[in-house]
Amino acid sequence: MVTIDQTILFYNLETFERVKQIVGMNDEVIDVQFVGDNNSHLAVASNTETLRVYNLQNLDCQVYFGHTDVIICMDSNKDG
C-alpha cells in the first residue's frame, strides 16, 4: 500500500499486520533526537504534526500521530 505522502506500507497478508514501513516525504526537518536503548532509534520532527521514529539498524520507521500542531522541538532522557 502507498499512502498520499508517499509512505510505503508492507503487510503480512495472512495476519494483516504491518511488518515494515518506508516513509516517503519528510519535508523540512526541524529537530532530531537519538532515543531508545543505546540510541538505537532516531526521532525526527518535520514541519508536520507527526513524529517519525527510525530504527537505525534496519531503517524501518514508525509514524506517531496525536499532535495538533507542528512539532518544533524534542527532548529525550536515558530513562526512556
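**View 1. The hairpin of strand 4 and strand 5.** Strand 4 and strand 5 form a hairpin in which four residues lie between the two strands; strands here are DSSP runs of E with at least two residues, numbered from the N terminus. This is a predicted model, in which local features need pLDDT of at least 70 and side-chain atom pairs count only at pLDDT 80 or more, while totals for chains, interfaces and linings use all residues. Residues are numbered from 1 along each chain as its sequence is written, and side-chain values use heavy atoms, with hydrogens and water left out. Strand 4 and strand 5 run antiparallel and are joined by five bridges, and L42 stands opposite Y54 in strand 5.

View 2. Four strands make up an open sheet with the order 3-4-5-6 and antiparallel pairing, where two strands count as paired if DSSP finds at least two bridges between them. Strand 3 (29–35) and strand 6 (61–64) stand at the edges with a single partner strand each, so one side of each is left without a neighbour in the sheet. Strand 5 (residues 51–55) pairs with strand 6 in the antiparallel sense over four bridges; V53 stands opposite Q62 in strand 6, and the bridge partner of L51 in strand 6 is Y64.

**View 3. Strand 5 and its two faces.** Five of the five residues of strand 5 are buried, so this strand is largely enclosed by the rest of the structure; buried means under 20% relative accessible area, exposed over 50%, and partly exposed in between, with a 1.4 Å probe and protein chains only. In a regular strand the side chains alternate between the two faces of the sheet. In strand 5 both faces are covered, with L51, V53 and N55 buried on one side and R52 and Y54 buried on the other.

**View 4. The largest nonpolar core.** Six residues, A43, A45, L51, V53, I71 and M74, form the largest nonpolar core, meaning a set of buried Ala, Val, Leu, Ile, Met, Phe, Trp, Tyr and Cys residues joined through side-chain atoms within 4.5 Å. Strand 4 (41–46) and strand 5 each supply at least two residues of this core. Apart from it lies another core of five residues, among them L42, V44, Y54 and C61.

**View 5. T50 in the loop.** T50 is found in the loop between strand 4 and strand 5, and T50 is buried, with a relative accessible area of 9%. Leaving aside its neighbours within four places in sequence, T50 is in contact (heavy atoms within 4.5 Å) with V44, V63, Y64, F65 and I71.
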